[in-house]
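Open the model in a viewer and follow the selections below in order.

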Amino acid sequence: MREPTFLILTALADQPRHGYGIIQEVDTLSASRVALLPGTLYTALDRLAAQGLVERDRDEVAEGRLRRYYRLTDNGLKVLDAEAARLRQLATVAEARLRAVRPRTA
Amino acid sequence: MSGSVSRLEKRYRLLLLSYPRAYRRERGKEIVDTLADLAPPGRTRPTVREAFDLIRHGLRARLGRPASRSVVVWAVLTAIVWALFSAAMASRLAWETARPLPSVARASAVFATVAPGRKVSDVQRSPATFVMYGQPLSRQDLGELIFPDGGEYTFGSTTGSMGGASDVDLHRFAEDAVRRLHATGWDVGRPYTQVLDTCGSDDCGGPTESETYLTARRGDDVITIYIEYGGMITPPVSISIERATPWPVYPASVAGGAVGAVIAWFVFGWASRRTDGRHPALRVLTALLLGISLFLWWLPIPFSSWSLLRHQLTEPHYKWHPLWEWLGQPALALFFLVGCVAALTGLAVAALPRRRPDPSMDVATG
């Protein structure tokens with residue numbers, strides 16, 4: 001799974017969000033390292049919806065602007081959970097190696 | 001502020017034209033509103049990054065099948081091959097801007113400077129810039145152009161033969177010709193000589209015949225002098241003038257290629273969206289027809305290009321062979337045409353009406 005996809009799924013993990021909200025949340029989660037553009041975001045949402053990981057939640061109109069909310073599906077939660085476990089396991093292994101090489105840095 | 005936002009939104013909507021219509025109807029407002037939310041106050045134009053992002057993902061959306069990666073590969077292969085074919089067609093049209101071939105009188109005057117004191121006889125001028133069997137392409141030739149004689153479609157020229165050449169020292173003639181061409185303002189390429197193995201066995205003491213090509217260019221005239229040593233051809237020297245590639249061929253090829261790629265992408269996308277979610281048999285059939293088309297369109301290209309590249313690099317040239325020859329056309333036009341028939345059949349199958357409209361497919365079938 002690529003990092004932007006992981007971050008989009010993570011942004012939707014706690015609550016449904018609209019496009020603008022997802023972009024803001026991804027910016028926060030990645031400490032402004034990943035700046036999603038709307039074209040990229042909606043292509044990713046289309047793909048994740050086709051894979052059954054994300055679905056539409058509801059539509060709202062605020063100040064004349066359409067807010068369409070998306071949420072994770074049960075399968076999306078499972079996939080995110082598995083990916084988080086995979087990354088955690090990799091990070092653990094890497095940290096163990098680093099501790100062995102540079103005991104003080106860990 | 002609201003005026004500037006409105007102008008900005010209009011410009012975003014323009015960029016959304018890269019998305020299919022049904023997608024724009026379904027998601028356009030959502031995307032534009034998100035873009036407007038992200039824009040800092042006072043911005044009136046999309047950034048280059050935003051524009052590139054929207055166009056890129058709009059073109060991807062045209063292919064439908066959002067979860068598929070392979071659809072992009074097939075679309076790219078289709079767009080590239082049609083860019084090449086369209087560029088070749090546009091270049092052929094642009095060749096019509098070439099000046100007519102030199103008249104017999106003018107060519108005879110040029111030949112006289114190359115071979116002074118020698119009679120260049122039987123000077124003939126092709127009736128067109130491109131000929132087949134020495135004649136302009138006609139409707140009667142189409143059958144043979146498609147199969148099997150497409151390779152006969154070639155440059156026309158004004159050609160003559162140097163008579164009474166049996167008493168000529170041909171090696172010295174070649175050297176003199178280079179000198180005379182230089183002196184009369186021609187840009188002369190290095191002579192290219194190759195030994196001809198006319199024997200075909202080891203018993204005859206090795207090859208005894210050879211031939212030399214000498215080419216030069218002045219303005220839009222390209223002259224080729226062909227000299228055969230030790231052979232049976234009489235007369236052994238022939239001289240011809242063809243037209244150099246006219247400059248409009250290059251921009252026309254680029255423009256034609258771009259238009260062809262865009263059209264191919266859009267048509268591919270339309271068919272892909274139309275067939276997504278249809279009956280498995282229909283999807284297999286259209287995939288098979290696409291595979292046949294791409295195989296037949298691409299097959300001649302690597303072979304023809306490789307062979308022509310070697311020829312172009314080993315022998316001196318004052319113009320590139322026309323683009324269609326690099327694509328194996330029209331020598332292998334049958335492959336191209338059968339590929340087109342398969343593609344058109346696939347498009348016809350894709351155009352078949354759906355039995356039951358599925359509302360969930362609204363986004364994908366624009």
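**Stop one: a hairpin and its strands**

Select G219(B), which takes a positive phi near 60 degrees in the hairpin of β7(B) and β8(B), where two residues lie between the strands. The model is predicted: local features need pLDDT of at least 70, side-chain atom pairs count only at pLDDT 80 or more, and totals for chains, interfaces and linings use all residues. Residues are numbered from 1 along each chain as its sequence is written, chains are lettered from A and ligands numbered from 1 in the order written, and side-chain values use heavy atoms, with hydrogens and water left out.

Strands (E, at least two residues) and helices (H or I, at least four) are DSSP runs, numbered from the N terminus; two strands pair if DSSP finds at least two bridges between them. Strand β8 (residues 221-229) of chain B pairs with β7(B) in the antiparallel sense over nine bridges. One to display is R217(B) with V222(B).

Next, select strand β6 (residues 192-196) of chain B, joined to β7(B) by five antiparallel bridges; L196(B) stands opposite E209(B). Strand β5 (residues 187-188) of chain B also runs antiparallel to β7(B), with two bridges, and V188(B) faces A216(B) there.

Now colour β7 (residues 209-218) of chain B by accessibility. Seven of its 10 residues are buried, so the strand is largely enclosed by the rest of the structure (buried: under 20% relative accessible area, 1.4 Å probe, protein chains only).

**Stop two: two helices**

Select helix α9 (residues 280-298) and helix α12 (residues 333-351) of chain B, whose axes come within 8 Å and cross at roughly 160 degrees. They are therefore roughly antiparallel to each other (angles over 145 degrees).

Technical notes
Buried < 20%, exposed > 50% of the residue type's maximum accessible area, 1.4 Å probe, protein only. Axes fitted to C-alpha atoms, helices over the stretch in contact; angles between N-to-C directions. Parallel < 35°, antiparallel > 145°, perpendicular 65-115°, else oblique.
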